[in-house]
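User: Hey, I'm new to this one. Can you walk me through it?
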Amino acid sequence: MESAERDLYSVGEVAELLGLHVRTVRNYVRDGRLKAVRIGKQYRISRADFEALTSLPSADTAPGTQGAPAAARRGHVEVSSIVQIDAIGPDAASRLSTFVTAGAQAERDTPDPLRVQTVYDKERARMKIVILGDAATTATVLHLIDDILEPGNGIITTGAATGTATAGGEAADRV
């Protein structure tokens, strides 16, 4: 940013400031996470909206942040995880979905909400759980899922043979 007088940023400039891909910033705008004004065929983001997203003053106005890595300026971490569970029946998937959703709605010390979505594919007897949140809370939910799927715990029982649960490309045998 050449001038501290700037009040509008392009999507590319915001992406550079945050260390994100341009498509990610556009998705933030489309999802409503980042307010923007459409001028012609391009989005423009105001300084106030940029600061609201980062919860910090912009890099060109904050003292001592010029040239600092984007992660140091933001101080925010979000984790996205997809857990895939194969060979799970619809009743077990429904119970697991209830457990995970209830666990995600538990009161926390973090200001950012944990977002969980579950999808069950009856034809493939496969369940996917998508988790978005801060690192510690996401880890807690992943541990909850692991504990629920632990063989012999009696929480989730299926008539199917042993299936696999995968998270981040790693597989472990599950009931």
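This is a predicted model: local features need pLDDT of at least 70, side-chain atom pairs count only at pLDDT 80 or more; totals for chains, interfaces and linings use all residues.

User: Got it. How many helices and strands does the chain have?
Analyst: There are six helices and eight strands. Helices (H or I, at least four residues) and strands (E, at least two) are DSSP runs, numbered from the N terminus.

User: And in what order do the elements run from the N terminus?
Analyst: The order is β-α-α-β-β-α-α-β-α-β-β-α-β-β.

User: How much of the chain counts as buried?
Analyst: Of the 175 residues, 31% do. Buried means under 20% relative accessible area, exposed means over 50%, and partly exposed is in between (1.4 Å probe, protein chains only).

User: What about contacts along the chain, what share join residues at least 24 apart?
Analyst: Taking contacts between residues at least 6 apart in sequence, 58% join residues at least 24 apart. Contact here means heavy atoms within 4.5 Å.

User: OK, new topic. Which residues have the most contacts inside the largest nonpolar core?
Analyst: Those are Ile85, Ile88, Leu96, Met127, Ile129, Ile131 and Ile145, in a core of 17 residues. β4 (79-86), α5 (90-105), β6 (126-133) and α6 (135-149) each supply at least two residues of this core, and α5 gives the most, with five. By nonpolar core I mean a set of buried Ala, Val, Leu, Ile, Met, Phe, Trp, Tyr and Cys residues joined through side-chain atoms within 4.5 Å.

User: Pick one of those. What does Ile129 touch?
Analyst: Leaving out residues up to four places away in sequence, Ile129 touches Ser81, Ile82, Val83, Ile85, Leu96, Val100, Val116, Gln117, Thr118 and Ile145.

User: And what does the second core include?
Analyst: That separate core has 13 residues, among them Tyr9, Ala15, Val29 and Tyr43.

User: Back to the helices. How do the axes of α5 and α6 cross?
Analyst: They come within 10 Å and cross at roughly 150°, which means α5 is roughly antiparallel to α6. The axes are lines fitted to C-alpha atoms, for helices over the stretch in contact, and angles run from 0 to 180 degrees between N-to-C directions. Angles under 35 degrees count as roughly parallel, over 145 as roughly antiparallel, 65 to 115 as roughly perpendicular and the rest as oblique.

User: Which residues make that contact?
Analyst: From α5 come Leu96, Phe99, Val100 and Gly103, and from α6 come Val141, Leu144, Ile145, Ile148 and Leu149. They divide into eight nonpolar, one polar and no charged.

User: How do the axes of α1 and α3 cross, then?
Analyst: Helix α1 (residues 11-18) and helix α3 (residues 47-54) have axes that come within 12 Å and cross at roughly 35°. The contact is made by Val14, Leu17 and Leu18 of α1 with Phe50, Leu53 and Thr54 of α3. Those residues are five nonpolar, one polar and no charged.

User: Is α1 mostly covered or exposed?
Analyst: Mostly covered, with six of its eight residues buried: Val11, Glu13, Val14, Ala15, Leu17 and Leu18. Just after α1, Gly19 takes a positive phi of about 70°.

User: Which residues have a positive phi although they are not a glycine?
Analyst: Ala87 has one of about 55°, and Ala125 has one of about 50°. Ala87 lies in the loop between β4 and α5, while Ala125 is in the loop between β5 (115-121) and β6. Ala87 counts as partly exposed because its relative accessibility is 24%, and Ala125 does so at 23%.

User: Last one: is Arg47 buried or exposed?
Analyst: Arg47, in helix α3, is buried, with a relative accessible area of 14%. Arg47 and Tyr9 are 38 residues apart in sequence, and their C-alpha atoms are 7.2 Å apart in space.

How values were computed. Residues are numbered from 1 along each chain as its sequence is written. Side-chain values use heavy atoms; hydrogens and water are left out. Ala, Val, Leu, Ile, Met, Phe, Trp, Tyr, Cys and Pro count as nonpolar, Asp, Glu, Lys and Arg as charged, and the others, Gly among them, as polar.
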